[in-house]
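I opened this model to look up a few places in the fold. My notes follow, in the order I took them.

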Amino acid sequence: MGEEVDRGQWGRQIEFVLTMVGYAVGLGNVWRFPYLCYKNGGGAFLIPYVTCLIILGIPMFALECAFGQFGGKGPLSIWTVNPAFKGLGMTIMATSSIVFIYYNIIISWGLNYLVSSLTSRLPWIDCNDCACLLYESKNVTEDELERMKFNNTLGVVCPDLDPNVTLSPSEIYYKEDILHDSGTITEIGDVQWHLLLGNFVAYAIIFLVLYRGIQSLGKVVYFTAIFPYILLTILLVRAAMLDGSLNGVKYYLTPKWERLKDATVWSDAAVQIFFSLSACLGGLIAMSSYNKFDNNIMRDAFMIPIINCCTSFYAGFVVFSTLGNMAEIKNVNIDQVTEQGPGLAFVVYPEALGKMPVSTLWAILFFFMLCILGFSTQFSAAETIMSSVMDEFPKVFAGRKSRQIMFRICVCLAAFVLGIPMVAQGGQHLFYLVDEAVLGYPLLFVGLLEYFVIIHLYGYENFSQDIEAMLGRKPLFYFKATWSVLAPVMLLAIIVYTAYNGKEFEYPWTGLLYYLIVIFILMWVPVWYFYYTCRNGAWQMMRPEQAWKDRRLLNPKQQGNVENGVTQEGLRYSSEGLQSHLGEYTVHIEANSKSDPEKDLEVTSSKPSIQMEEIARYGVENAAYLNSETAEQQNQKEVPTGVYIP
């Protein structure tokens, strides 16, 4: 019997819920969602966002969680449901690995802000540059402007002073002190050692938390998932007291209906739903695989996405209240307050913090929260990557803790090295390019292919029976409608629209890099499919392996008169019960295909054996591993090999 890596299990079900909330509620809720609202007309973005949550978000979340819980494996090894599409698991792993690399850069920014906050006066409060000299000055006359060019608080000459072109101190601090921005991706510049160190510290923390695997992660999430809500509430109360905050909230909630005609808004909403819920990145499958087989996963699949999206909506009030105040100070429209981009949060939030009493304390708490949000996502992402590879190679890692720890170290070190270009002076522009490449076509294609493989090839009825085996009931009609029709059609429409409109690039080579990233992520699906079908035949794509079907027999709640056993009707037998049941039949356990047929083991009621004990201990699912014949050899036989119960 093949030895498997000890995957562990959640200590309590609340640990799973908090981990999934922490995995889904991350930096994307704090910086990416407000940025997309700002980019797409404020309230206009909320309508497609909620629509995509209902049609795409909740169904995809439920699909991946139920799939992972039933399969009991990570995204790389779970494809016994359709072995020809194991390349989809490889694509998911490629996507998750790239996100794992560049997502850590944001944590590095947050760690640097956290260290910078350990002062009596925050460094982004005071203006130390000509660009912010007029930031809080209103109705400046020509005479005052000319005088300030040569006689100002900075003690330097500012010949280009312009009241219509001004930056806040927080913007300048972000660009010049944190990033040392070169201004373009073509000038990658020097590595910024403070960011490199922050990146290294972040990976060191990830390793220290995960060196014991899922058991240590389950304990950390009690703090990481709850603390951010406390800080967001405090910031919201303070931001609501600022001048102009109401105008920001109105901009946030008032939809510009004409923006709904722009398909880009819908595409951004769909991608943000996938990114925000961490769908199609493997984490939902991996984290759900540690659940008990009979956990009510469909309940969790409704609850967690709604919590996640409400968090995004809640964080938006903090951002737009502060934007309203910044617009009041600058005397400009809200959509002209600051440059658009994911770095928006590293401008707006520090601005709000600088206006709070005891600002140093709140800055420390906020950036600590920001790092916690990033880590809560990274912990799950890292565990997804690590556990998936260890599941795939059990002979290398099973029972070898030292190898598992060394592998975790190697994953963190490799990600750290690959992320070095993004901590250079032009690194943020590379960061944005990779972010757009990964969170565009790949996520949408992965979602569409998951629906195709699980719902259409494997079949909705089969998958609903799998869910019934876990929960005792089939999924709601809502899931049948969204899984079978609505979600795939909407995804396909967004993909076609995005492809039709194309994408413009400032430099040709950046476009080439963009599409190379997309190709690298998606190529594993056709490569594996042709490799597998050439060896096993195209018909295999339609048939799950027997090990997948046998998992329907694992629910301990569906038991009959005999405890702890299994029958085709869902009965679960004890060791003695299963042995007596099998005693009514002759059960053949074939050795391997090379063994002497005369030595094949025959088990009867009068001759119980070691193999019988193995069957009783591990159940029908794992007893299937006693047979070492290939799937192709099994399919050629009229009577299945392994354990056969008439």
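I began with the surface. The protein chain exposes about 27,700 Å², and carbon and sulfur atoms supply 59% of that area. Accessible areas come from the Shrake-Rupley method with a 1.4 Å probe, and for residues only the protein chains shown count as cover. I noted that this is a predicted model, where local features need pLDDT of at least 70, side-chain atom pairs count only at pLDDT 80 or more, and totals for chains, interfaces and linings use all residues. Residues are numbered from 1 along each chain as its sequence is written, and side-chain values use heavy atoms, with hydrogens and water left out.

Next I looked at the overall make-up. I found 27 helices and 2 strands in the protein chain. Both are DSSP runs numbered from the N terminus: helices are H or I with at least four residues, strands are E with at least two. Of the 646 residues, 56% are buried. Buried means under 20% relative accessible area, exposed over 50%, and partly exposed in between (1.4 Å probe, protein chains only). I then checked contacts, meaning heavy atoms within 4.5 Å. Among those between residues at least 6 apart in sequence, 82% join residues at least 24 apart.

Helix 9 came next. Helix 9 covers residues 227-240, 14 residues in total. Its span from first to last C-alpha is 21 Å, close to the 20 Å expected at 1.5 Å a residue. That expectation is 1.5 Å times one less than the number of residues. Which residues of helix 9 are buried? They are Phe 227, Pro 228, Leu 231, Leu 232, Leu 235, Leu 236 and Ala 239. They sit on the same side of helix 9 because they cover an arc of only 160° around the axis. The arc is taken from the directions from the helix axis to the C-beta atoms.

I turned to the UniProt record. Its unreviewed entry lists Gly 22, Ala 24, Val 25, Asn 29, Ser 276, Asn 308 and Leu 373 under "binding site". UniProt positions are given in the numbering used here, feature names are shortened, and annotations may be inferred rather than shown by experiment. Of these residues, Ala 24, Asn 29 and Ser 276 belong to the lining of the largest cavity. A cavity is a set of points on a 1 Å grid over the protein atoms alone where a 1.4 Å probe fits but cannot get out; lining residues have an atom within 4 Å of a point.

I followed two of the listed residues. Asn 29 lies in helix 2 (residues 27-39) and is buried, at 1% relative accessible area. Leu 373 is in helix 15 (residues 359-392) and is buried at 3%. Beyond its neighbours within four places in sequence, Leu 373 contacts Val 25, Gly 26, Leu 27, Val 30 and Pro 228.

Cys 371 is also in helix 15 and is buried at 3%. Not counting residues up to four places away, Cys 371 touches Ile 107, Gly 110 and Leu 111.

His 180 has phi near 50°, in the loop between helix 6 (169-179) and helix 7 (193-210). Cys 280 has phi near 65°, in the loop between helix 11 (263-276) and helix 12 (283-288). Is each one buried or partly exposed? His 180 is partly exposed at 32%, whereas Cys 280 is buried at 0%.

Key
On a 1 Å grid over the protein atoms alone, a cavity is a set of points where a 1.4 Å probe fits but cannot get out, and a pocket is an open set with protein on both sides within 12 Å along at least five of seven lines; lining residues have an atom within 4 Å of a point.
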